[in-house]
Amino acid sequence: MADNRRTLLGWIWPPPTIARRLAIAVAAAAGYSVLAWALNPTSGVAQPVWSSQFAMWNTAILGLLVSFRTKVAYDRWWEGRILWGGLVNHSRNLCLKARELATPDIRERHEFAGLVAGFAVALMKLLRGPTRLSDVSGFEKQTVDPQHVPAYIAGRLIGFVAGWRRAGRIDGHMQQILDTNLNALMDVCGACERIRNTPHVPSYLSLLRHGLVLGFLVTPWALVEPLGAWVILVLPVMVYFLFGIELTAEAVEQPFGRDGDDLALETYCETIRKSATDILS
């Protein structure tokens, strides 16, 4: 498939996933700019003498808050990506070590691969909301209903390895080698839950959004005199970027959902499933 990003149209299209919400803000800015232009000083409505200074200081403060907000939101998104990349690697290493150290038979290989792939799917579903074991592919017929599905599947994998140890198929050192990757599964799970369950600091959000709204209300009155009718174009452009950054940060600070800016968890789960199947086939 051709890479459309190499064309001019592909570079700017499709619009961001926040486009629908952002369009409302841009349209409101355009309408408000029309009002400010219609009521400019030439029509007898005096421009506040402090509007220019207020707009300047508000813009400077917004710059600091937007930078902080963007960095924190992207850091959460990027940490999520690193965690899921680590989950792919730990799953592959676990399957490789299990195959070479325990020499499982065909039935054991199939079950072990299903558990490894099922853990990733269970984690994805848990991060998106409440889930049950029967919701995970390959576990539809299970009658147990654990409260924490990824922990249950990880426990099954640990039990697998413990069974090999009791049967004398692996020694204590081999078990420790496998435990490294087994423990990493729940480490990744816990870190992802921390991201999901830790919202951005509410005070920062309030300050930023108050600044955005105040800037939206005051800026047209500061720009209408020097710009005239051009304010009707300039303010929507400013709102597009400032509000767009905030809406994008709001989308990516929770990177485990289904929006276009979220992580492609389905792709990572399929990668783990294929890897486990190939290694243990």
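Which residues in helix 4 meet helix 6, and which residues in helix 6 do they meet? That is where I will start. Keep in mind that this is a predicted model.

On the helix 4 side, the residues are Phe 119, Leu 123, Leu 126 and Leu 127. On the helix 6 side, they meet Leu 185, Met 186, Val 188, Cys 189, Cys 192, Glu 193 and Arg 196. Sorted by class, this contact has nine nonpolar residues, two charged ones and no polar ones.

Now the geometry. Two packed helices are described by the angle between their axes and the distance between those axes. Helix 4 covers residues 106–128 and helix 6 covers residues 172–197; their axes come within 10 Å and cross at roughly 15 degrees. An angle under 35 degrees counts as roughly parallel, so helix 4 is roughly parallel to helix 6. The crossing of helix 4 past helix 6 is right-handed.

Helix 6 also packs with helix 5, residues 149–166. Here the angle is about 180 degrees and the axes are 10 Å apart. Helix 5 and helix 6 are therefore roughly antiparallel. From helix 5, the contact includes Pro 150, Ala 151, Leu 157 and Trp 164; from helix 6, it includes Gly 172, Gln 175, Leu 178 and Leu 182. By class, there are 13 nonpolar, two polar and one charged residues in the contact of helix 5 with helix 6. Leu 185, Met 186 and Cys 189 of helix 6 are met by helix 5, and these residues are also met by helix 4.

Next, back to helix 4 and its packing with helix 9. Their axes lie 8 Å apart, at an angle of about 170 degrees. Helix 4 and helix 9 are therefore roughly antiparallel to each other. By class, the contact of helix 4 with helix 9 has 13 nonpolar, one polar and four charged residues.

Last, the largest pocket. What is its volume? About 390 Å³. Its lining has 21 residues, and nearest the centre are His 110, Ala 113, Gly 114, Ala 117 and Arg 273. Helix 4 and helix 9, residues 265–280, each supply at least two lining residues. Which helix gives the largest share? Helix 4 does, with nine residues. By class, the lining has eight nonpolar, eight polar and five charged residues.

Terms used: Residues numbered from 1 in each chain as written. Predicted model: local features only at pLDDT ≥ 70, side-chain atom pairs only at ≥ 80, totals over all residues. Heavy atoms only, no water. Axes fitted to C-alpha atoms, helices over the stretch in contact; angles between N-to-C directions. Helix = DSSP H or I, 4+ residues; strand = E, 2+ residues; numbered from the N terminus. Parallel < 35°, antiparallel > 145°, perpendicular 65-115°, else oblique. Left-handed = near helix turned anticlockwise from the far one by under 90°. Contact = heavy atoms within 4.5 Å. Nonpolar A, V, L, I, M, F, W, Y, C, P; charged D, E, K, R; others polar. 1 Å grid on protein atoms, 1.4 Å probe; cavity = no way out; pocket = protein on both sides within 12 Å on 5 of 7 lines; lining within 4 Å. Points joined across faces, edges and corners; volume = space filled by probe spheres on them.
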